[in-house]
Amino acid sequence: MPAPIEIHFWPTPNGYKIVIACEEMGLPYEIKPVNIGRGDQFEPGFQAISPNGRMPAIVDPEGPGGAPISIFESGAILQYLGRKTSQFYGADERQRVQVEEWLFWQMAGLGPMAGQAHHFRGYAPAMHADRRLTAYGAIRYTNEVHRLYGVLNKRLEGREFLAGDYSIADMAAWPWVRPWKMQGIILDEFPNVKAWSQRIGERAAVKRSIEVGEDLRRSMDLAGAGRDAEAARRILFGQRAR
C-alpha cells in the first residue's frame, strides 16, 4: 500500500482541486488543515513547502526515485499527479497540449478573476469606506468572469469535457465554477457550462472530495463572526512582504 500523500488543504476552490485529483486517481492521501483565516499559511513549517504562503501544497513521501517531494501551486500539483499516475493527462502529446492549455487558462484567468469577484462582491464592502472603489472592483471583475464563462461555454459546445476526455483541466476549472452565485453569474446564460458542471458534480470522486471539505467545516468554525471574522479578514487581505 503506497504511503499517503499529505494534502495541505483548506476548503477553497484551489484546495478542492487536489482532493478531487487524488480521489479520481485512487491515490491515498491525508488532509493537513491550513487555516488561512488563522494565519497557518505563515507558519515556517508550511512555508518550507509552500514559499508563496498559499495552499494547497502536497508532500509525496514516495516521489521521484522513491524520495519525498513537496510541491506547491495547484496547477503544478495536478500536472505532477497526472504524470505520476499516467491518468487524466491525455493519451498523447496533442491531447496533453490541450489539457495544459485549459489548465493554464484556469490558473491564469478563471481562478484569479473569480477570486477577485468573490472579494469585491463579498468582502470588500465590509472593509472599505470608499464605496466607489468597491463598486468599480465588483463591476470590473464580474464582467471579466462573465467573459470567461462565455469562453468556457463556447469551448464546451459539442464537448463533454474541456480537452477530450475528462482531465486535470476539468478538475482545475470545476471548483471555480461551483460558487458561480458569488461571482454574480447567472448560470442559465451558459447552458454548456451548466451541463458540464452538473456532469462533473455527479461524479462519485467529486462528491467524496466535497464531503472532505464539508467534514472540515463541521469540525471547525470556518465562518467566524465579530472580532474573529475581522481578524481573519486582516490576515487574508492585509498581507504585505515579510
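Student: Which residues in α6 are buried?

Tutor: "Buried" is a cut-off on relative accessible area: under 20% is buried, over 50% exposed, and in between partly exposed (1.4 Å probe, protein chains only). In α6, the buried residues are I168, A169, D170, M171, A172, A173, W174, P175, W176 and V177. That's 10 of its 10 residues, so the helix is described as mostly covered. Helix names come from DSSP runs numbered from the N terminus (H or I, at least four residues, for helices; E, at least two, for strands). One caution before we go on: this is a predicted model, where local features need pLDDT of at least 70 and side-chain atom pairs pLDDT 80 or more, while totals for chains, interfaces and linings use all residues. Residues count from 1 along each chain as its sequence is written, and side-chain values use heavy atoms, with hydrogens and water left out.

Student: How do I read the packing of α6 and α7, and at what angle do they pack?

Tutor: Two packed helices are described by the angle between their axes and the distance between the axes. Here α6 and α7 pack at about 110°, with axes 10 Å apart. The axes are lines fitted to C-alpha atoms (for helices, over the stretch in contact), with angles from 0 to 180 degrees between N-to-C directions. That angle makes α6 roughly perpendicular to α7 (65 to 115 degrees; under 35 is roughly parallel, over 145 roughly antiparallel, the rest oblique). On the α6 side, D170, A173, W174 and V177 make the contact, and on the α7 side V193, W196, S197, I200 and G201 do. Contact here means heavy atoms within 4.5 Å.

Student: And at what angle do α1 and α6 pack?

Tutor: About 140°, with their axes 8 Å apart. The two helices are therefore oblique to each other. From α1 you'll find P13, N14, Y16, K17, I20, A21, E24 and M25, and they meet I168, M171, A172, W174, P175 and W176 in α6.

Student: At what angle do α1 and α8 pack?

Tutor: α1 (residues 13-25) and α8 (residues 204-219) sit at about 135°, again with axes 8 Å apart. That makes α1 oblique to α8. Y16, V19, I20, E23 and E24 of α1 meet a set of α8 residues, including A205, V206, R208, S209 and I210. Notice Y16 as well: R178 lies over the face of that ring, 5.6 Å from the ring centre. A charge sits over a ring when NZ of Lys or CZ of Arg is within 6 Å of the ring centre and within 35 degrees of the ring normal. R199 has its charged end over the ring of F161, 5.7 Å from the centre.

Student: Switching to rings: how many aromatic pairs does a search of the whole structure find?

Tutor: Six. Phe, Tyr and Trp (six-membered ring) pair if their centres lie within 6.5 Å; planes under 30 degrees apart are stacked, over 60 edge-to-face and the rest tilted. Take F88 and Y166: their centres are 5.6 Å apart and their planes at 80°, so the pair is edge-to-face. F88 and Y166 are both buried. Y149 and F190 give you a tilted pair, 5.6 Å centre to centre with 50° between the planes. Y149 lies in α5 and F190 in the loop between α6 and α7 (191-201), so this pair ties together parts 41 residues apart in sequence. Y149 and F190 are buried too.

Student: Which residues do ring pairs link into a cluster?

Tutor: F88, F161 and Y166. That brings in F161, the ring with R199 over it.

Student: What about the backbone at F88: what is its phi near?

Tutor: Near 60°, a positive value in a residue other than glycine. In the loop between α3 and α4 you'll also find S86, with a positive phi near 55°. At 69% relative accessibility, S86 counts as exposed, whereas F88 is buried. For another backbone feature, go to M55 and P56, joined by a cis peptide bond with omega of about 10°. P56 lies in the loop between α2 (44-47) and β3 (57-60).
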